[in-house]
Amino acid sequence: MLKKINIAVDGTAGSGKSSVMNEVAKVLKMNFIDTGVIYRAFTKFCVKNNINFFEPKEIESQIDLFSYKYINENEILVNGEDYGPYIFDYDVVENIKYIAQNVKVREYMVNLQRQMVIEKNNIVIGRDITTVVLPDAELKIYFDCSVEARAKRRFEQNIKNNILPNVYEDILRQIKQRDDFDKNRSTGPLKIDKGAWILDTSNLTFEESMKVILNKIEQI
C-alpha cells in the first residue's frame, strides 16, 4: 500500500504544472487542487460586482461575500453558481494580479487551502504552495519554462477551449506581467523553495514531463 503524501507544486504561469500534475494525480489516484482556480474565481466575482481593482479595501470587502466550493480544476461554485466557464476570461487575466498581491485575500486563501489538505494524498499547485501553504510537504516541485513556450501553450489552449479574444502578443504580455507581479509582490511571492525539485519543461513534451515526475514520486 502506498503511503499518503502531500505534493506541493509552484511555478510560473503556463509552465505546465496544472495540466501535467492533474494527469499525475489521476495515475496515482490523488486529489488534485489548483489553487489558482480559486483566485481566478474570486477575481471574476469582483469583476461581476464592479469592484475598483485599484482600491485594495474594495477588494477586501468582497471576502465575506465570497463563498466557494472547489469541485475540480474546471468547476468551482461561488455562492452556488458555477464559475468554471469564466476563470480564463480576459477581464480575469487582466485583473488577477491585483487579487494575488492583496494581503487580506492571500491570508484568507492560505487558511482555506490548508484546511482542504489536512487529510494527505493531495497534489496542490499554485504560486506559494511550497513556501507558505504547505512548507512541510513530502515533495516540493517548482515548474519553470521559457516565456515564449508558455505563451504558445496558452494560445493553443485558448483555441482548444474556444476562449476569445486570443491574441498571442497579448498573452505574452500578460504572462510577463504576471511573472513580474508574482515574483515581486510583498506577500506570498513566487520563489524557489530551497527544498524544491526544479523542473524546466521548456523542451519537454507532456509525456516526458509526466514520466520524470512519476519517477521522482516513486523515489519518495
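Predicted model: local features only at pLDDT ≥ 70, side-chain atom pairs only at ≥ 80, totals over all residues.

Residues are numbered from 1 along each chain as its sequence is written, and side-chain values use heavy atoms, with hydrogens and water left out.

**Cavities**
- The whole structure holds two cavities of 30 Å³ or more (sets of points on a 1 Å grid over the protein atoms alone where a 1.4 Å probe fits but cannot get out; lining residues have an atom within 4 Å of a point).
- The largest cavity has about 300 Å³ of space (the volume filled by probe spheres set on points joined across faces, edges and corners).
- Its lining has 21 residues, and Arg40, Val93, Arg154, Ile171 and Gln174 are the closest to its centre.
- Helix 8 gives the largest share of that lining, six residues (helices are DSSP runs of H or I, at least four residues, numbered from the N terminus).

**Helix 8**
- Its buried residues include Ile171, Gln174 and Arg178 (buried is under 20% relative accessible area, exposed over 50%, with a 1.4 Å probe and protein chains only).
- Glu169 and Asn184, on the other side of helix 8, are exposed.

**Nonpolar cores**
- The largest core has 51 residues, and Phe42 is one of those that touch the most other members (a core is a set of buried Ala, Val, Leu, Ile, Met, Phe, Trp, Tyr and Cys residues joined through side-chain atoms within 4.5 Å).
- Helix 2 (residues 35–48) gives the most to this core, seven residues.
- Another core, of five residues, lies apart from it and includes Ile171 and Ile175.

Note on methods. Helix = DSSP H or I, 4+ residues; strand = E, 2+ residues; numbered from the N terminus. 1 Å grid on protein atoms, 1.4 Å probe; cavity = no way out; pocket = protein on both sides within 12 Å on 5 of 7 lines; lining within 4 Å.
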